[in-house]
Amino acid sequence: MKISWLKTKKDDKSFKVFQNLGFNVYDLEEPDDTDKKIKELIENDCKTIVLSNEIAAFSKDIITKYNKQDDISIIIASGKNN
């Protein structure tokens with residue numbers, strides 16, 4: 001099972017531990033590309049995707065599309081200050 005993390009490029013705090021351990025942490029230049037990146041990850045057999053709270057706000061498909069799929073897990077991680 002593949003797990004990936006998504007955050008904005010400007011976000012230097014979220015998922016830092018996972019990134020330092022060599023996991024797939026993707027920095028998005030444009031938050032509007034969130035749904036495009038999620039789709040790409042799913043097409044590459046990623047079954048669990050963790051989004052920073054900031055990136056999750058830019059996805060239009062999280063609830064309407066992926067919420068109904070049992071084989072895909074989309075997790076929204078709240079920030080440390082939340």
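Me: What is the mean pLDDT of the protein chain, and what share of its residues reach 70 or more?

Reply: This is a predicted model, and the mean pLDDT of the chain is 89. Since pLDDT runs from 0 to 100, that value can be set directly against the scale. Of the residues, 93% reach 70 or more.

Me: Which elements have the lowest and the highest mean pLDDT?

Reply: Helix H4 (residues 61-64) has the lowest, at 77, and strand S2 (residues 24-28) the highest, at 96.

Me: What makes S1 and S3 a pair of strands?

Reply: Pairing asks for at least two bridges between the strands. Strand S1 (residues 2-8) and strand S3 (residues 46-52) are joined by five bridges, so the pair meets the cut-off of at least two. The two strands run parallel, and within them Ile3 stands opposite Thr48 in S3.

Me: How do the four strands line up in the sheet, and what is the pairing?

Reply: The order is S2-S1-S3-S4, in an open sheet with parallel pairing.

Me: Why are S2 and S4 called edge strands?

Reply: S2 and strand S4 (73-77) each pair on one side only. Neighbouring strands of this sheet are turned by 25° against each other on average, direction ignored.

Me: Which helix packs on this sheet, and which strands are touched?

Reply: That is helix H2 (residues 34-43), which touches S1, S2, S3 and S4. A touch here is a contact, with heavy atoms within 4.5 Å. The direction of H2 makes about 155° with that of S3.

Me: What pattern does the chain follow along the sequence?

Reply: The chain has four helices and four strands, and read along the sequence they give β-α-β-α-β-α-α-β.

Me: How do you know that the radius of gyration agrees with a compact globule?

Reply: For 82 residues, the expectation for a compact globule is near 12 Å; the chain has 12 Å, so the two agree. Along its principal axes, the C-alpha trace spans about 30 × 25 × 25 Å.

Me: What share of the residues count as buried?

Reply: The share is 33% of the 82 residues, with buried taken as under 20% relative accessible area.

Me: Where is Lys9 found, and what does Lys9 touch?

Reply: Lys9 is in the loop between S1 and helix H1 (16-20). Leaving aside residues up to four places away in sequence, Lys9 touches Asp27, Leu28 and Glu29. Lys9 and Ile72 are 63 residues apart in sequence and 24 Å apart in space, C-alpha to C-alpha.

How values were computed: Residues numbered from 1 in each chain as written. Predicted model: local features only at pLDDT ≥ 70, side-chain atom pairs only at ≥ 80, totals over all residues. Heavy atoms only, no water. pLDDT = per-residue confidence, 0-100. Axes fitted to C-alpha atoms, helices over the stretch in contact; angles between N-to-C directions. Rg over C-alpha atoms; globule rule 2.2 N^0.38 Å. Buried < 20%, exposed > 50% of the residue type's maximum accessible area, 1.4 Å probe, protein only.
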